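Please open the model in a viewer and keep the sequence beside it.

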Amino acid sequence: MDSFYDLLINRRSIRRYTSEPVDPQHVRLILEAALMAPSSKSVRPWQFVVVEDKAVLAELSQCKPAYATSLLTAPLAIVVTADTTKSDVWVEDASIAAMLMQLQAADLGLGSCWVEVRERFRADGEPSEEYVRQVLGIPEEFGVPCIITVGHKDEERKPINTEKLLWEKVHIGKWQ
């Protein structure tokens with residue numbers, strides 16, 4: 001990308017990936033971006049589970065009835081977790097780390113998609129977080145806000161049309 005602004009315009013959620021694996025150096029850079037994320041009081045409550053096994057990715061795709069399909073074609077997923085006992089703002093801290101991973105992936109020319117887990121449910125009513133924790137052996141005190149899928153794009157999405165930005169949602173000085 002030529003600039004951060006170009007990166008923002010061109011980063012889109014990608015739900016279909018080629019079967020090409022992600023270069024281990026790229027995986028490292030994506031994880032480094034997450035590990036550099038700011039956190040409240042520098043507590044760094046987040047931890048990450050890197051999943052490349054296709055069977056486990058297929059199992060994780062069952063964490064909710066819709067919008068987890070990117071896990072079926074992704075060669076890589078990073079499950080974002082955070083220790084809920086270490087920070088009252090663990091959701092925010094983990095979300096910042098997750099977004100930095102997505103921006104780093106885009107900068108490397110890779111696609112990514114945020115799969116929401118927190119406050120979602122499986123078709124049978126089981127909380128998605130509990131299911132993901134059980135599949136991966138994540139301790140109970142760790143919340144799971146999302147899973148980030150990463151891979152080489154097997155779809156193209158148009159850049160964001162800046163003409164359609166919702167400027168009416170911006171308030172200057174006070175709520176108007």
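Which residue just after α6 takes a positive phi? It is Gly137, with a phi of about 70 degrees. The model is predicted, so local features need pLDDT of at least 70 and side-chain atom pairs count only at pLDDT 80 or more, while totals for chains, interfaces and linings use all residues. Residues are numbered from 1 along each chain as its sequence is written, and side-chain values use heavy atoms, leaving out hydrogens and water.

Next, select the sheet. Its four strands form an open sheet in the order β1-β2-β4-β3, with antiparallel pairing (strands are DSSP runs of E, at least two residues, and helices runs of H or I, at least four, numbered from the N terminus; pairing requires at least two DSSP bridges). The edge strands, β1 (46-51) and β3 (111-116), each pair on one side only.

Now display β2 and β4, which pair in the antiparallel sense over seven bridges. Ile78 stands opposite Ile148 in β4.

Finally, select Trp167, in the segment after β4 (142-151). Is Trp167 buried or exposed? Trp167 is exposed, with a relative accessible area of 59%, the cut-off for exposed being over 50%.

Key. Buried means under 20% relative accessible area, exposed over 50%, partly exposed in between (1.4 Å probe, protein chains only).
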